[in-house]
Amino acid sequence: FLGTYVARNITSSLGDVTTSARKIIGGDLDVEVAVTSEDEVGELASTFNTMTGQLRETLGSLEARNKDQTVVTQVATEISSIQNMQEMLERMVHLVQRGFGLYHAHVFTFHEAEQGEELRIIACGYQEGDEHEGTHGTTTIDYKNENSIVARCARERKPVIVNDVRNSSEWLPNPQLPETRAEMALPMMVGDRLLGILDVQAETLDRFTDEDANVKMTLASQLAVAMQNLIQFEETQK
């Protein structure tokens, strides 16, 4: 009786693992094996559950990356035919905010003036229904401002991520964006030349990752090239 009982328990546990494996092959990644013991079979079930969880995370990450790449392609395609700089940038921030589901997106252009280098906000992408939707600011930020994520990005020429802006000394609050919790700034460059900064903001903490930065840097680079082409086109017209 004891031998039969042990054998049945082992067979039942292994059968659960096998059944769960077949469900995963069929596309059900939410399945888990019940861990009913602390022996080798229980350890196998626990390890199987850990592997399944990691598989869910990996596939979720791949799906998110593919979705983001699709948004990047759509934005780049749609703005490629716009011949007016202001119109192009306004359309771009609108698509970025909607496509990535962000709280806000805006772009600054970089200027070298006699009084010093500065960044001027030129296009704002607000959420649908926001009272400021469709408007664009005129704020300028000093290139040397130590309390600005955008200015730091411009100086360092690389992405800057702050996932808890309320506890950062670098954050420059915007009264029109009271719900900002995380921010990422990306340099828009052609070669060594800085043309502007793409700045995106979220309402949730820890919203941005290094993977986000990699994907959106592709977009920032494409935008910089589009800006450079429009600048050359306008100069040719003149």
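I began with a charge over a ring: the charged end of Arg-157 sits over the ring of Phe-110, 6.0 Å from its centre. I count such a contact if NZ of Lys or CZ of Arg is within 6 Å of the ring centre and within 35 degrees of the ring normal. Lys-216 does likewise over the face of Phe-100, at 4.1 Å from the ring centre.

A note on the source: this is a predicted model, where local features need pLDDT of at least 70 and side-chain atom pairs count only at pLDDT 80 or more, while totals for chains, interfaces and linings use all residues. Residues are numbered from 1 along each chain as its sequence is written, and side-chain values use heavy atoms, with hydrogens and water left out.

I found 8 of its 9 residues buried, so strand 5 is largely enclosed by the rest of the structure. Buried means under 20% relative accessible area, with a 1.4 Å probe and protein chains only.

Which strands pair with strand 5? Strand 4 (residues 160-162) runs antiparallel to strand 5, joined by 3 bridges, and strand 6 (residues 193-202) pairs with strand 5 in the antiparallel sense over 9 bridges. Pairing takes at least two DSSP bridges. I saw Val-160 opposite Ala-185, and Ala-182 opposite Ala-202.

Key. Buried < 20%, exposed > 50% of the residue type's maximum accessible area, 1.4 Å probe, protein only. Helix = DSSP H or I, 4+ residues; strand = E, 2+ residues; numbered from the N terminus.
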